[in-house]
Amino acid sequence: MTTADKQEKSRQAGSFGAAADAYERGRPPYPPEAVDWLVPGHARTVVDLGAGTGKLTRALRAPGREVIAVEPSAGMREKFAQVLPDVRVVEGTAESVPLADDGADTLVCAQAWHWVDPERAVPEAARVLRPGGRLSLVWNSRDTSAPWVAKLDRILRDCAAAPTRDRQVDRVGAPFGPVERRDFRWSHPMTTDEIMDMVASRSYVITLRPAAREELLARVRALLDAERPAAMPYLTECYRTQLGA
């Protein structure tokens, strides 16, 4: 990756706080069956790394379980506190988690591992987890097998420089064991306005120049007005690995 690419990646990664409201309105939740696969039922302390506005956090809560959210963006933490006032949220990154050693059973990172530096984030995750603890990574991706979603993705690629699709899962490695993967297909009911918010909350859209962003959003609105979708089909891509396995 060139220096310019690294700078652009950093700029996009730090952009989400400016669109926290759109993120909360437009981003989907996570299917319960995926969460059950990512987090073992016996987990009593779970860390939601890069928690955003708490989209995954809501599904992680369970009786007898403590969930701690870690989020670098002040704007996202502010929105998180409004939505989930009873959940602890702290400032931190994957490379610097402000939690004690050996304190968590599971660390889950949703929609964010592709932003991190694995050389620093992997040992930090191992430090926070108890022996035998689990690191889980998850992404919700639009299912482009639906023709109208494929059209939407073409518009986004035409108008904006999307970030790398490298999940960096292959860079987890020791001291973690083999990485397992499972995908879940599902559909999330969404209004046109919610889909517009989903698009507006993408880092590569947030960081566009105003005129280019307005052009992109106008093209998306025209597509949605023509297609009139009532739901967004998703593919939830899940990975899990155990410390010391």
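Predicted model: local features only at pLDDT ≥ 70, side-chain atom pairs only at ≥ 80, totals over all residues.
In this briefing, a residue is called buried when its relative accessible area is under 20%, exposed when it is over 50%, and partly exposed in between, using a 1.4 Å probe and protein chains only. Residues are numbered from 1 along each chain as its sequence is written, and side-chain values use heavy atoms, with hydrogens and water left out. Helices (H or I, at least four residues) and strands (E, at least two) are DSSP runs, numbered from the N terminus.

**Backbone features in the loops**

- Gln168 has a positive phi of about 65° although it is not a glycine.
- The loop that holds Gln168 runs between H7 and E6.
- Pro175 also has its place in the loop between helix H7 (147-159) and strand E6 (180-189).
- The peptide bond that joins Ala174 and Pro175 is cis, with an omega of about 10°.
- Gln111 is not a glycine, yet its phi is positive, at about 60°.
- You will find Gln111 in the loop between strand E4 (104-110) and helix H6 (118-128), and its relative accessible area of 13% makes it buried.

**An enclosed space**

- A cavity here is found on a 1 Å grid over the protein atoms alone, as a set of points where a 1.4 Å probe fits but cannot get out; lining residues have an atom within 4 Å of a point.
- Grid points are joined across faces, edges and corners, and a volume is the space filled by probe spheres set on the points.
- The structure holds 1 cavity of 30 Å³ or more.
- The largest cavity contains about 130 Å³ of space.
- It is lined by 14 residues, and the closest to its centre are Tyr23, Arg27, Tyr30, Lys55 and Gln111.
- Sorted by class, the lining of the largest cavity has 7 nonpolar, 3 polar and 4 charged residues. For this count, Ala, Val, Leu, Ile, Met, Phe, Trp, Tyr, Cys and Pro are nonpolar, Asp, Glu, Lys and Arg are charged, and the others, Gly among them, are polar.

- Which residues of helix H5 (residues 74-83) are buried? They are Met76, Arg77, Lys79 and Phe80.
- These residues lie on the same side of H5, because they cover an arc of only 165° around the axis. The arc is that of the directions from the helix axis to the C-beta atoms.
- On the other side of H5, the exposed residues are Ala74, Glu78 and Gln82.
- The cover over the buried residues of H5 includes helix H2 (20-26), helix H4 (57-60), strand E2 (66-70) and strand E3 (88-90).
- Arg77, at 17% relative accessibility, counts as buried. Leaving aside neighbours within four places in sequence, Arg77 is in contact (heavy atoms within 4.5 Å) with Glu71, Pro72, Val89, Val90 and Glu91.

- Val108 is part of strand E4 and is buried, with 0% relative accessibility.
- Val108 and Val46 are 62 residues apart in sequence, while their C-alpha atoms are 7.4 Å apart in space.
- Beyond neighbours within four places in sequence, the contacts of Val108 include Val39, Val46, Val47, Asp48, Leu49, Leu56, Leu60, Ser136 and Val138.
- Val220 belongs to helix H10 (residues 210-227), and its relative accessible area is 0%, so it is buried.
- Val220 touches Leu152, Ile155, Met196 and Val199, not counting residues up to four places away in sequence.
- Between the C-alpha atoms of Val220 and Lys151 there are 9.3 Å, and along the chain these residues are 69 residues apart.

**A partly exposed alanine**

- Ala62 sits in the loop between H4 and E2 and is partly exposed, at 31% relative accessibility.

**Cysteines**

- How many disulfides does a search of the whole structure find? The search finds 0 disulfides, a disulfide being a pair of cysteine sulfur atoms within 2.5 Å.
- Cys109 is buried, at 1% relative accessibility, and Cys238 is buried as well, with a relative accessible area of 0%.

Technical notes:
1 Å grid on protein atoms, 1.4 Å probe; cavity = no way out; pocket = protein on both sides within 12 Å on 5 of 7 lines; lining within 4 Å.
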